[in-house]
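I set out here what I looked up in this structure, entry by entry.

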Amino acid sequence: MAIVHNDFSLQRMNTFGLNARASLFSSPENIDALSSILEGYDYNQQPLLVMGEGSNILFKTDFEGLIVRPGMKGIELFEEDEQEVWVKVGASENWDNWIAVATENGWHGLENLSLIPGSVGSAPVQNIGAYGVELKDHFAWLDAWDLQQQKLVRFDRKECRFGYRSSTFKNESRGRYIITHITFRLDKEPHLQLDYGPVKEAFLKAGGTTPMELRAAIISIREQKLPDPTINGNAGSFYKNPLVDRAIFKCIRVDFPLIPSYPESENQVKIPAAWLIEKAGWKGKKVGNVGTWPTQPLVIVNYGGATGQEILEFSEQLRNDVDKQFGIWLEREVNVI
Ligand SMILES: Cc1cc2nc3c(=O)[nH]c(=O)nc-3n(C[C@H](O)[C@H](O)[C@H](O)COP(=O)(O)OP(=O)(O)OC[C@H]3O[C@@H](n4cnc5c(N)ncnc54)[C@H](O)[C@@H]3O)c2cc1C
């Protein structure tokens, strides 16, 4: 039976470092403990929130309800053939620790996702991605507790409806499932993904040839570019890179001929949100204790003592300015609670 804490401080459990509290908090380590906590819980009376390590959450205020942080551990080689392995990982394993274990064991494919903060159980929610690789590329299936049916269910890749920083768990199924385990499909033979220019450059410059060296190059790039949340509170990219219809993009390009873009589909292009934010005058801007990170303006930083409300207001002003200038409404990547 898992312990349920009352009036629980979340300050150490969110990477913005916000001083929010939850009226109830529990971290069940297995399915029996999870189901016993939820038995009889009245979701209509008090909401329920699932969380991992709080690296993609902005608490506007205290949470009046139950926070469940799945505590399932374990990294288990489930099946293998000549080319591939299937590995089942518990939701509460730390993501980067799992990548370290996988790389050491010769299970390949996820190296480019090294050093992304958070837990394994949260990774499918926004189909985490970086440097040309997404979780979905090596995903086999996941197990989740269905709060409606009160039972364990399994999702394959198709059912997760993965997209760019999105899945069914962030959209139509939001709040219905608690992911407990994920099974990954990884390669025994490494196929290094070096399409992203700076990664290739750093990797080759360091004389890299192995997946372990690719992981080291990724870690080094991230450490140089992104603020360390243990020093400057943040939740990574605050907004997604917007997808824009090609016709609209052509109109914007008349006024901004240097606007960068990447083809997304026949009809759409992706525009770097960081470029839009910089051109709207928000790169390195600070208001009180909140600001954008000088080398990556897509990251909003709590420079110390900011409230969730202040961070939210800052992000909204930024979004309004981008909209005024480009007619593009940025979509949040961070989950505002
Ligand atoms: C410095 C920094 C860099 C980052 N870089 C990247 C990056 O390169 N790419 C990227 O994709 N992301 C990035 N992120 C965002 C973040 O690391 C990921 O979104 C990560 O997967 C969040 O994990 P978490 O455990 O902290 O989730 P949380 O923030 O605790 O939760 C995130 C969401 O998932 C839901 N959730 C959590 N656990 C479960 C579960 N078990 N079942 C169902 N729902 C659940 C929560 O309700 C919430 O909506 C970055 C964040 C930081 C701080």
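Entry 1. I looked up Glu-316 and counted 10 other C-beta atoms within 10 Å, so the residue is exposed. For burial I used C-beta atoms placed from the backbone: 20 or more others within 10 Å of a residue's own make it buried, 12 or fewer make it exposed, and anything in between is partly exposed. The model is a predicted one, in which local features need pLDDT of at least 70 and side-chain atom pairs count only at pLDDT 80 or more, while totals for chains, interfaces and linings use all residues. I number residues from 1 along each chain as its sequence is written. Glu-316 has its place in helix 8 (residues 308-326). Helices (H or I, at least four residues) and strands (E, at least two) are DSSP runs, numbered from the N terminus. From Glu-316 to Leu-330 I found 14 residues in sequence and 9.7 Å in space, C-alpha to C-alpha.

Entry 2. I traced an open sheet of four strands in the order 13-19-18-17, with antiparallel pairing; two strands pair if DSSP finds at least two bridges between them. Strand 13 and strand 17 (286-287) are its edge strands, each pairing on one side only. Three bridges join strand 13 and strand 19 (residues 296-302) in the antiparallel sense. Asn-234 has Val-301 in strand 19 as its bridge partner. Helix 8 packs on this sheet, touching strand 17, strand 18 (290-293) and strand 19, and its direction makes about 155 degrees with that of strand 19. Such angles run from 0 to 180 degrees between N-to-C directions, the axes being lines fitted to C-alpha atoms, for helices over the stretch in contact. Contact means that the C-beta atoms of two residues, placed from the backbone, lie within 7 Å.

Entry 3. Strand 10 (residues 139-146) is antiparallel to strand 11 over six bridges, and Asp-146 has Lys-151 in strand 11 as its bridge partner.

**Entry 4. Nonpolar cores.** Which residues touch the most other members of the largest nonpolar core? I found Leu-58, Phe-59, Ile-178 and Ile-277, in a core of 75 residues. A nonpolar core is a set of buried Ala, Val, Leu, Ile, Met, Phe, Trp, Tyr and Cys residues joined through C-beta atoms within 7 Å. Strand 12 gives this core its largest share, six residues. A second, separate core has eight residues, including Val-199, Ala-202, Leu-214 and Ala-217. Beyond its neighbours within four places in sequence, Ile-277 is in contact with residues that include Trp-282, Pro-297 and Leu-318.

**Entry 5. Positive phi.** Asp-7, in strand 1 (residues 4-9), has a positive phi near 45 degrees. Asp-7 counts as exposed because it has 10 C-beta neighbours inside 10 Å. For Tyr-131, phi is positive at about 50 degrees, and the residue lies in the loop between strand 8 and strand 9 (133-134). Is Tyr-131 buried or exposed? Tyr-131 is buried, because 21 other C-beta atoms lie within 10 Å.
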